[in-house]
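Keep the sequence and the 3D view side by side as you read.

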Amino acid sequence: MAKADPHRLKLSQLRALVAIADQGSFSDAALHLDLSQSAVSHAIATLEEELGVLLLNRGRQGAVLTPVGEQIIEEARQVLRSLHSLCHKADQAKGLETGEVRIAAFRSVATHILPEVIRQFRQQFPGVAITIDEKFHYEMVESDLRQGRADVGFTYLPTQAEFDQWELLRDRYIALLPTGSPTTSQPMTWADLAAHPLILPPPDDGDRQYVDRLLQRSGQHIQPAYVVREDSTILSMVERGLGATIMASLAAEPIPPGLRVVELPQPLERIIGMIVLREALLPPPVYAFLDRLKAIWPQVRSGPSSDILAAEKR
């Protein structure tokens with residue numbers, strides 16, 4: 001018997017085989033495919049003839065796959081899945097010649113994470129515009145996504161169930177002191193920290209609220225001597241000996257040489273993640289941007305994987 005020739009097989013034959021396996025009979029498969037029953041029967045007969053094996057047992061109870069049919073059906077499904085994927089990628093590419101990706105993020109993400117992602121994305125899709133709206137509070141990021149003002153957001157995890165979310169990294173908070181300040185233990189004590197004028201962001205800042213809750217949980221009530229919005233200004237003031245600050249490590253980068261990094265008396269970290277609105281109909285450029293970011297940050301994983309911050313976001 002001659003070997004089966006793959007060049008003679010047709011997609012219509014594979015579709016008919018899969019439809020019969022799924023629907024249970026030739027007549028139901030014909031209805032599902034919007035074909036005549038004779039067309040479906042002919043497709044299976046020619047497929048069996050080309051392969052030289054019996055794929056289906058016909059009977060009053062319908063059509064049942066033979067043992068070799070059970071093996072071949074999985075290959076047929078894979079071929080059809082590959083065809084669907086091919087068409088999806090082609091359709092996606094049509095929508096990537098132009099378009100826009102709107103991003104809402106806080107400053108440290110916009111400074112340290114996004115530039116390389118955007119550089120690689122623009123090399124691949126130069127016609128797609130990127131807009132970044134920097135926020136000083138993660139709740140403003142989430143609000144922008146809800147209101148349709150942004151497609152992708154960077155916030156603290158875990159967040160609300162209305163968002164699909166992926167963890168990017170964990171960023172610990174540190175104390176920053178002038179290099180000439182008295183030596184403290186590692187980690188420092190609250191008394192060590194209280195000995196310095198504290199420089200913190202304003203009360204409406206997301207990081208400030210995290211720090212305030214840490215202090216409250218530890219029974220500390222340290223009143224800042226200076227309230228400053230910009231991280232760079234805070235670092236400059238600490239460097240000039242005006243006080244100390246508590247800041248997320250990523251926000252402090254690059255740490256000026258005139259500063260000392262000291263661990264806090266009680267560990268605190270923020271889980272930074274990217275989010276999209278779960279029910280949103282996102283354009284192809286947004287999906288392509290998410291794929292590029294995941295490729296650059298291979299440690300990205302779906303969903304909040306820790307309850308460390310759960311209480312913080314209630």
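You will find His 196 in the loop between helix 8 (190–194) and strand 7 (199–200). Helices (H or I, at least four residues) and strands (E, at least two) are DSSP runs, numbered from the N terminus. Setting aside neighbours within four places in sequence, His 196 is in contact with Leu 177, Ser 181, Pro 182 and Ala 244, where contact means heavy atoms within 4.5 Å.

A word on what you are looking at: this is a predicted model, in which local features need pLDDT of at least 70 and side-chain atom pairs count only at pLDDT 80 or more, while totals for chains, interfaces and linings use all residues. Residues are numbered from 1 along each chain as its sequence is written, and side-chain values use heavy atoms, with hydrogens and water left out.

Now turn to helix 7 (residues 138–146), where Tyr 138, Val 141, Glu 142, Asp 144 and Leu 145 are buried. Seen down the helix axis, these buried residues fall within an arc of 155°, so they line one face of helix 7; the arc is that of the directions from the helix axis to the C-beta atoms. An α-helix has 3.6 residues a turn, so residues three or four places apart point the same way. What do the buried residues of helix 7 pack against? Their partners are strand 3 (100–106), strand 4 (129–135), strand 5 (152–157), strand 6 (163–178), helix 9 (206–217) and strand 11 (269–277). Tyr 138 itself counts as buried at 4% relative accessibility. In space, Tyr 138 is 23 Å from Ile 255, C-alpha to C-alpha, and the two are 117 residues apart in sequence. Just after helix 7, Gly 148 takes a positive phi of about 75°.

From there, move on to Val 152, which sits in strand 5 and counts as buried at 0% relative accessibility. Beyond neighbours within four places in sequence, Val 152 is in contact with Val 101, Arg 102, Ile 103, Ala 104, Leu 145, Ile 275, Val 276, Val 286, Phe 289 and Leu 290. The C-alpha atoms of Val 152 and Tyr 287 are separated by 9.7 Å, although these residues lie 135 residues apart along the chain.

Helix 6 (residues 114–124) and helix 12 (residues 284–296) pack at an angle of about 125°, with their axes 10 Å apart. Axes are lines fitted to C-alpha atoms, for helices over the stretch in contact, and angles run from 0 to 180 degrees between N-to-C directions. Helix 6 and helix 12 are therefore oblique to each other: angles under 35 degrees count as roughly parallel, over 145 as roughly antiparallel, 65 to 115 as roughly perpendicular and the rest as oblique. On the helix 6 side, the contact is made by Leu 114, Glu 116, Val 117, Ile 118, Gln 120, Phe 121 and Gln 124, and on the helix 12 side by Pro 285, Ala 288, Phe 289, Arg 292, Leu 293 and Ile 296. By class, that contact has nine nonpolar, two polar and two charged residues. Here Ala, Val, Leu, Ile, Met, Phe, Trp, Tyr, Cys and Pro count as nonpolar, Asp, Glu, Lys and Arg as charged, and the others, Gly among them, as polar.

Ser 12, Gln 13, Ala 16, Leu 17 and Ile 20 of helix 1 meet Val 40, Ala 43, Ile 44, Thr 46 and Leu 47 of helix 3. By class, this contact has seven nonpolar, three polar and no charged residues.

Finally, the backbone deserves a look. Most residues other than glycine have a negative phi, and most peptide bonds are trans. Asp 34 has a positive phi of about 60° although it is not a glycine, and at 71% relative accessibility Asp 34 counts as exposed. The peptide bond from Leu 157 to Pro 158 is cis, with omega near 0°, and Pro 158 is found in the loop between strand 5 and strand 6. Another cis peptide bond runs from Glu 253 to Pro 254, with omega near -10°.

Key. Buried < 20%, exposed > 50% of the residue type's maximum accessible area, 1.4 Å probe, protein only.
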